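Visitor: I am new to this structure. Please show me how to read a few of its features.

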Amino acid sequence: MSGAAPAPGAEAPALEVSHLDISYKVRGADRLAVRDVSFTIGRRDSFGLVGESGCGKSTTALAIPRYLARNGRVSAGTIRLDGEDVSRLGPEALRRLRARKVAMVYQEPGRALNPSIKVGRQVAEVFELAGVPRREAMERSGEALGRVQIPDPRRVMRSYPHQLSGGMLQRVVIAMALASQPSLLVLDEPTTALDATVEAEVLDLIASLRQELHTAILFISHNLAVIARMCDQVGVMYAGEIVEQGPAGELFGQPRHPYTVGLLRCVPARRHRKGVSRLDTIPGFLPAPGEVAAGCIFAPRCRLADQRCTVESPPMYQVSETRGSRCHYHQRAPDLPEADAATVSAGQEPDGPWTGSTTPLIAMRGVSKTFAVRNEKVRALSDIDLSLYPGETLGLVGESGSGKTTLAKVLVGLVAPDGGSALELEGRSLAPTALRRAQEQRRAMQIVFQNPDSALNRRHSVRHIIGRALTKLAGLSGRARQDRLLEIVRSVRMEERHLPLRPAQLSGGLKQRVAIARAFAGSPRVLVCDEPTSALDVSVQAAILNLLADLQGREGVTYLFISHDLGVVRYLSDRIAVLYLGRLMEHGPAETVFAGPHHPYTEALLSAVPSLDGQAGERIRLGGEIPSPANPPSGCVFHTRCPRRLASGLCESTEPPLTEVEPGHAVRCHIPLPELRRLQGKDGRAAELQGAEGR
Amino acid sequence: MGGRPLARYLLKRVALAILTLILLSIMIFLAGQVLPGNPGRAVLGPFASRSAVQALDHQLGVDRPLPVQYWSWATGLLRGNMGISYQYRAPVSSFLYPALLHSLKLAAVAFVLVVPLGVIGGVLAALRRGGAADRAISVTGLSLSTVPEFVSGIVLIVLFAIELKVLPVTANPPSGSGPLTQIRYLILPAIPLVLILFGYIARMARAGTIEALDSDYVRTATLKGLPRSLVIRRHVLRNSLLPTITVIATQTGYLIGGLVVIEDLFNYPGIGRLIFTAATDKDFPMLEAGVLVIGVVYLVATLLADILYTVLNPRVRLGGSE
Ligand SMILES: Nc1ncnc2c1ncn2[C@@H]1O[C@H](COP(=O)(O)OP(=O)(O)O)[C@@H](O)[C@H]1O
Ligand code: SF4
Ligand code: SF4
Ligand SMILES: [Mg+2]
C-alpha cells in the first residue's frame, strides 16, 4: 500500500501497520475508532498522519507502544516495530520495547513531566534504565539537553517542570525521547500548544536531529503545512480511515481525494481576501463515533458522491505507483466543486483594500495596564496609541504574553487600564470599566472569546442565551424579539432546530456561532474577537471566517481580530498591529505590513509560519525566551532576541520611538525604513542571516 | 528564588492561624457571657442569698466590664491559667490536661491504625481499578462509614469483650500499667473511629492515585520503559498521596466529635467526655477552655498538614514562574 515498502532482503521497516482496527468500549458497546489502517515507515523515513480532531490519529499512535486508554483495544490487524509483532509481547518484552525501540512526544509538554521531580532526574532515568550509574547518567542527561539546544542545561536540570516555558519543556521531552536512540519516534501534535515562533524552532530541531540520529518518525498534526514541512510520506485520516496516502509533495500538490481537496481549500492562503474570495468549507459533520456507513464514510459530506458511493465502500485504489486514494472517483477529486459557490461574494461589492475613513470609531491614547503579581509590577500594556476606523478589521498579532487579550479586555471594559489612559468611542470618552459606561456604549462593543464553553451558560438553551441578549442589549420583547432572534440565528447559519439545544449538545463550531450570534444581538459597532477560531478545526474555522466576513459586509461592523495564525489574520484584516511585551512594534495597512519592509519582530513572526508550498525561503529564527514583562529588557525591548540588532549598542540603551515611516504605517525600530528594505530584500538577506545565526 | 517565598508563605500561614485562634477565643468568651445568666447563681443554686451570690460574682470577677474580663481571661490562658471550674472549685487545667492527654492517646491509636490501612486500601483499589479488590474496598469503606460510632462500639464490646473476652471492656487500664497494656486497652475504642475514617481516607487515596495513573507524566514514565513498580513508587505515589495528607488532617475535626461518643461509651476520661459533662453541668470555665483547646488542636493539625504539603510540593514551595 505504501511507497516505502522495503526492498527484498533489506532490514525490516521501522514500523509496519497493517489492517489495524481499534475500538473503544463505551457503555458496553464497542465503537470502532480506527478502521483498516495500513502504512509502513521505512528506517529513517518520516511519515505524517493528518486530519481533523477525532479522526483517530492519537488512537493509532498510542496503539504502537500499546498504551491505549483502558477501554480501548486493537480488535484486528497487526503492528510491527522493527519486525516484531507488538501484540504478542509479554509484559517484560513490552517494557524493553518501550525502553529501546519507540519513544513518544505529545501535545502538552507541561503535563508530560512529573511535577514533583527535578527535570534532570527525569531525563537521567532513561540512562539509568540502560544500566548507566547515577553520576554518569546525570552527565549524559546534561549532554542530551545540550543536543536539543537548551542554552543552560545545568540550570534546566535543577529546575522543576513548572519553572520552565512550554518550548523549553518540549525540548526536554524530545531529549528524553531520543536519549535511548529509538528506531521510531512518535510525535503527536508536538507543537500545537506552542507559539508559532517557538513551533518553528522546535520543528527545526526535530528536522536536524533526524538527520543526526537516523530515527524514523511518525508525525501527527492537524496542521497541513507542518506535515508538509516535516514528512516525506503522508496519510490523510478521516473518521478512522486513511483516505489518501502518498509522498507529501505530490499529495498536497495534486490531492486525489475529495476530503484532502476540501481540507486544503479551507486553509486561508495568500490569494484569499475577505470580500473578494470566500474560503471553501466542508459541509456537514464528522460521523458520530462508531457510526457504521454502508458505502464511503465521506459520502454524506462529499460533493462528488453519487448512488454508488452510498452502497459500495471504496477500497484503497492505487492511483499511481506511490499513491493511494479511497475514492471511487479519485480522478475527478481535483475538480471538486466549491461549497456554496453561488454565494461567492454575492451581494458584496469587493471593496478592495480598506479605503480609509479618517475619523476613528475608537481611539486609544497612551493606554497602559500594570498588574500587580506577588509584589511585582507586570506591565502588560505600555503606552498604546491605536485607532479603529468604521467598518475595518484591525488584526492584532504577537506571541502569547504579548498583551493581546489584555488590550481586548481593556477595550470592552473588562479590565480597567492604568490612570492616564484615554479611550474614546466616536469622540466620546469611555469610562475605564464597562459598568461605568453608558448603556449605549456598552452595547456598541462586544467580545467573542476563544473558548465558547466558558462564555456560554451551560444550563441555558440557545434560544434563551440569544433571547436574553436581545432583551438586555437591544431592548426587544415579544414578537419583535422572536423575529430578530430567528434572523440572527439564520445569519450565523444555524437552524431553528438548534434553538432548544444546550451548549453541551453542540459542536465547537456551533458553540462559537452561538457566541457570535449573542454578540451581534445588540447590533454592535465594534466586535472584539480573541482567537475565535483557534480551538476549531480548519473546516469549521473556514466557515466561521466566512461568517465574520459576511456579517461585516452586511452590517459594517468593525473588528478587532486577535489570532496567532497569521494566515487567518491576513484573510480578514485591513490593518495589522503587532504587539511585543505590551508595546506596539508596528502597525499599518495589512498589505504593507505583510509585504514589508517590516519591523524585525514582524519579520520573524512571518518567517515562523510554515507554508504549504514548502518554500518559506530563508528563515529568521528568534533565539531565547520571551523576557518577563515584569522585568523587560532595557532600550528596545526586543533587543534580546532581535536578529537585526545594531552593533552600535543603541538598541540596548535607547528605546526607539514608534515612527510613521510611510503614510499610515508606523514602525518602532532604530533601523530606518530604506535600510530595513535593503536588509529584508532578497540580496541582503542571506548575508544577514549568517550574522544572526552566528550569535 | 529559593527559601524566600516558602518562608514568607509559612509566616503568613502561622499568622493566620493565630488570628483565627484569637477570633475563636473571643467567640467562645462572648458565648460564655450570653448563655449562663448569672454564674454565682448558677453555682450556688436558687436558694442562696443574694449577697452570697454577689460575693461569689465578685470573687469570680464576673461583675467587671466585658473587655476587662476578656483580657484577664485571655492573658490568664497564655500563662496557663484557665480559670477555676465552677463545678469542682479547682483550676480547670488540672482536669483539662490529663483529659487532653487521654484523648490524644486514643486518637493516636486510631490514626496509627487507620492511616496506613486507608492509604494502602485506596492505592490498592486504584491499581486494581474496576476489579474485585477495588469493588470490595470501595463498598466496605462506604458501608462502614455509615454505621454510627455507638452502634459499632456496642457491637464490638459485645463481640470482643463480652463473648470472646479477648479485649477489655473498658478503655481504662489499671493505674501504673505500661504503654503496651495501655495500647491494648485503647484498641477496642479506637476501632469505631477507624471504621468511620477508613472509607473516607481510602476514597481520597484512590482518587488521587487514579488521577496520577491517568496523567500524562505517568504515561511518559511508562513509555520510557520503567518497570511498573518504579513508575508507581516514583511517579504515582508521590503525587497522589500529597492531597491525601491534607484530607487526613481535616479529619481531626471529625475525630474530636467522634471522641465524645466513644469516650462516653467506653467510660474513658478524655476531653470529649470532659466537655460533655461541663456542658451538662453548666461549668462554663471548663467548657470554654475545653472548646478552645480543641480549636488549638485542630488548627495545629491543619497547619502541620499544610506545611507538609508545601514542603513536599515544589510547585507551591518554589512559586510559579510564567
Ligand atoms: N478513551 C476513549 N473512549 C471512547 N472513545 C474514545 C476514547 N479516546 C478516543 N475516543 C474516540 O475515538 C475517536 C478518535 O479519537 P483520537 O484518536 O483522539 O483522534 P485524533 O487524535 O485524530 O483527534 C474519536 O471519536 C474519539 O471520540
Ligand atoms: S467514494 Fe464517493 S463519496 Fe467517497 S470520497 Fe469518493 S466521491 Fe466522495
Ligand atoms: S531597535 Fe534594534 S533591537 Fe529593536 S527591533 Fe530595531 S534593530 Fe531590533
Ligand atoms: Mg489527537
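Guide: Helix H1 of chain B, residues 4-34, gives eight residues to the nonpolar patch, the most of any element. Helices are DSSP runs of H or I with at least four residues, strands are runs of E with at least two, and both are numbered from the N terminus. The model is predicted, so local features need pLDDT of at least 70 and side-chain atom pairs 80 or more, while totals for chains, interfaces and linings use all residues. Residues are numbered from 1 along each chain, chains are lettered from A and ligands numbered from 1 as written, and side-chain values use heavy atoms, without hydrogens and water.

Visitor: How many helices and strands does chain B have?

Guide: Chain B has 13 helices and zero strands. Its C-alpha atoms fill a box of roughly 85 × 60 × 35 Å along the principal axes.

Visitor: Which residues surround ligand 2?

Guide: A residue is near a molecule if one of its heavy atoms lies within 4 Å of it. Ligand 2 has 13 residues around it, the closest being A:Cys296, A:Cys302, A:Cys309, A:Cys327 and A:His328.

Visitor: How does the shell around ligand 2 divide by class?

Guide: Ala, Val, Leu, Ile, Met, Phe, Trp, Tyr, Cys and Pro count as nonpolar, Asp, Glu, Lys and Arg as charged, and the others, Gly among them, as polar. The shell around ligand 2 has 11 nonpolar, two polar and no charged residues.

Visitor: What about ligand 3?

Guide: Of 13 residues around ligand 3, the nearest are A:Cys636, A:Cys642, A:Cys651, A:Cys669 and A:His670. Its shell holds eight nonpolar, three polar and two charged residues.
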